[in-house]
Amino acid sequence: DMPWMVIGGMNEIMYSSEKEGGNERPAHFMKAFRDVVDECNLSDHALIGDKFTWHRALIREWLDCALVNDG
């Protein structure tokens with residue numbers, strides 16, 4: 001019943017708007033990640049700084065996040 005938090009690079013995105021460049025991420029991968037976040041009653045707390053936390057060449061993604069369960 002205590003609050004808890006998951007912080008770090010998740011290596012997955014929740015929405016296609018969290019990626020620029022490269023191939024589109026399959027929708028079922030993003031949905032599966034959202035389903036896990038929902039099942040664990042987590043909410044995404046915005047990080048301060050650049051929206052995209054990972055890049056390689058012309059591909060940029062928002063992978064680092066802080067997910068919180070308020071207990």
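Predicted model: local features only at pLDDT ≥ 70, side-chain atom pairs only at ≥ 80, totals over all residues.
Figure 1. The relative accessible area of Glu61 is 13%, so the residue is classed as buried. Leaving aside residues up to four places away in sequence, Glu61 touches Ile13, Glu18, Lys19, Phe52, Thr53 and Trp54. One of these contacts, Lys19, is also the salt-bridge partner of Glu61, and that pair is the topic of the next view.

**Figure 2. The salt bridge between Lys19 and Glu61.** The structure holds 4 salt bridges, among them the pair formed by Lys19 and Glu61. The closest N and O atoms of the two residues are 3.7 Å apart. Lys19 belongs to strand E2, whereas Glu61 belongs to strand E5, which spans residues 59-61. The two residues are 42 residues apart, and the pair thus links distant parts of the chain. Lys19 and Glu61 are both buried.

**Figure 3. The salt bridge between Arg60 and Glu20.** A salt bridge also joins the side chains of Arg60 and Glu20, with an N to O distance of 3.4 Å. Because Arg60 lies in strand E5 and Glu20 in strand E2, this pair ties together parts that are 40 residues apart in sequence. Arg60 has a relative accessibility of 31% and therefore counts as partly exposed. Glu20, with a relative accessibility of 39%, likewise counts as partly exposed.

**Figure 4. The salt bridge between Lys31 and Asp35 in helix H1.** Lys31 and Asp35 form a salt bridge in which the closest N and O atoms are 2.9 Å apart. Both residues lie in helix H1, which covers residues 27-39. Because they are 4 residues apart in this helix, Lys31 and Asp35 are separated by about one helical turn. The relative accessibility of Lys31 is 43%, so Lys31 counts as partly exposed. Asp35 is partly exposed as well, its relative accessible area being 37%.

**Figure 5. Glu12 and its contacts.** Glu12 is found in a loop, between strand E1 (4-9) and strand E2 (19-20). With a relative accessibility of 14%, Glu12 counts as buried, because the class takes in values under 20%. The side chain of Glu12 makes a polar contact with the side chain of Arg25, at 2.8 Å. When residues up to four places away in sequence are not counted, Glu12 touches Arg25, Phe29, Met30, Phe33, Trp62 and Leu63.

**Figure 6. The cysteines Cys40 and Cys65.** A disulfide is a covalent bond between the sulfur atoms of two cysteines. The count of disulfides in this model comes to 0. For Cys40, the nearest cysteine sulfur is that of Cys65, 12 Å away, and Cys40 is in no disulfide. Cys65 is in no disulfide either, its nearest cysteine sulfur being that of Cys40, at 12 Å. Cys40 is partly exposed, with a relative accessible area of 30%, whereas Cys65 is buried, with a relative accessible area of 7%.

Definitions and conventions: Residues numbered from 1 in each chain as written. Heavy atoms only, no water. Buried < 20%, exposed > 50% of the residue type's maximum accessible area, 1.4 Å probe, protein only. Polar contact = N/O pair within 3.5 Å; in protein donor to acceptor, adjacent residues only side chain to side chain. Contact = heavy atoms within 4.5 Å. Disulfide = S-S within 2.5 Å.
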